[in-house]
Amino acid sequence: MSLLKKMLGKSPQMNLESSNTLLVGLWNPHSKYSKTRHNIGADILEHFIVQNSVEIKLDKSGIFKTGTLIINENRVDVVIPMVSMNKSGESLKAYLKYKEISPENILIIHDDIDLAFGRLRLKKGSSHGGHNGIKSINSHLGTIEYFRLKVGVGRPPKDIDPAAFVLSKFYNNETEEVEFLIDDSIDILKTFVIDKEAAIKEASERRIIDVV
């Protein structure tokens, strides 16, 4: 039985809190990884948090930060893990321990090396695609039936190791597009809270400016 199914079956005495939507941005929190391709998920969520003036607090466990806001009468919780990318599932499991939320209301935002730079894809229940943060979440939650906003960071040149590429910063000629990408992703997060199918369509139709 998955963690989420076990949670939903817990006794009322546990006083579980309910949430309409949970948004999670993946990253490596160490300062040396700031603004790298691998951190784009948390960067998007951080901008969403600032834009909506969400008060963020570090949990007493020290392994995640969280906050809450309301969008069109829907409660939205945001979580940023404070552990390495490869341990993202530990943070999410700890957060969900006393929360009542179904997998289809969870949205993980993360980089995708197999998606062209600047493209977006929103889908549920897909393969981890080699992403270690998603592997960790799948393992700790015991399900893949949650949503993911995949943010395309592009494939590396043939002479660059993919692991090193995702830990590198965006090229100078990409930085302007990254700003637009973050803004467009935030719009999709807001749409997701209200209408998941519309958000899926919005993500699929995202187009990039010419990178020169």
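Phe 147 and Phe 192: buried or exposed? Keep that one in mind for a minute while I set things up.

First, the housekeeping. This is a predicted model, so local features need pLDDT of at least 70 and side-chain atom pairs count only at pLDDT 80 or more, while totals for chains, interfaces and linings use all residues. Residues are numbered from 1 along each chain as its sequence is written, and side-chain values use heavy atoms, with hydrogens and water left out.

Okay, back to the two phenylalanines. Phe 147 is buried, and Phe 192 is too; buried here means under 20% relative accessible area, exposed is over 50%, and partly exposed is in between, with a 1.4 Å probe and protein chains only. A search of the whole structure turns up four aromatic pairs. The rule is that rings of Phe, Tyr and Trp (its six-membered ring) pair if their centres lie within 6.5 Å, with planes under 30 degrees apart called stacked, over 60 edge-to-face, and the rest tilted. Phe 147 and Phe 192 make an edge-to-face pair, 5.2 Å centre to centre with 75° between the planes. That pair links distant parts of the chain: Phe 147 is in strand E9 (residues 147-152) and Phe 192 in helix H6 (residues 175-194), 45 residues apart. On labels, helices (H or I, at least four residues) and strands (E, at least two) are DSSP runs, numbered from the N terminus.

The charged end of Lys 196 sits over the Phe 192 ring, 5.1 Å from its centre. Elsewhere, Arg 37 lies over the face of Tyr 171, 4.8 Å from the ring centre. To count, NZ of Lys or CZ of Arg has to be within 6 Å of the ring centre and within 35 degrees of the ring normal.

Now zoom out. The chain has seven helices and nine strands. For 212 residues, a compact globule would have a radius of gyration near 17 Å, and the chain has 17 Å, which agrees; that's over C-alpha atoms, and the globule rule is 2.2 Å times the number of residues to the power 0.38. The C-alpha atoms fill a box of roughly 60 × 35 × 30 Å along the principal axes. Buried residues are 48% of the 212. Among contacts with a separation of 6 or more, 72% come from residues 24 or more positions apart, where contact means heavy atoms within 4.5 Å.

So what order do the strands of the open sheet come in? Seven strands go E3-E4-E5-E2-E7-E9-E8, with mixed pairing. Strand E3 (57-58) and strand E8 (120-124) are at the edges with a single partner strand each, so one side of each has no neighbour in the sheet. Two strands pair if DSSP finds at least two bridges between them.

Let's look at E2 (residues 21-25). Five of its five residues are buried. In a regular strand, side chains alternate between the two faces of the sheet. In E2, Thr 21, Leu 23 and Gly 25 point one way and Leu 22 and Val 24 the other. E2 runs parallel to strand E5 (residues 74-81), joined by four bridges, and Leu 23 stands opposite Val 78 in E5. Four bridges also join E2 to strand E7 (residues 106-112), again parallel, and there Val 24 has Ile 108 as its bridge partner. Next along, E7 and E9 pair in the parallel sense over six bridges, with Ile 109 opposite Leu 149 in E9.

Lys 35, not a glycine, has a positive phi near 65°. Lys 35 is in the loop between E2 and helix H2 (40-51), and is partly exposed at 49% relative accessible area. Glu 73 isn't a glycine either, and its phi is positive at about 70°. Where is Glu 73? In the loop between strand E4 (64-71) and E5, exposed at 77%. Gly 142, which follows H4, has a positive phi too, near 70°.

Last stop, Glu 202, in helix H7 (residues 196-204). Glu 202 is partly exposed, with a relative accessible area of 29%. Leaving aside neighbours within four places in sequence, Glu 202 is in contact with Asp 187, Ile 188 and Thr 191. Glu 202 and Leu 120 are 82 residues apart in sequence but 8.9 Å apart in space, C-alpha to C-alpha.
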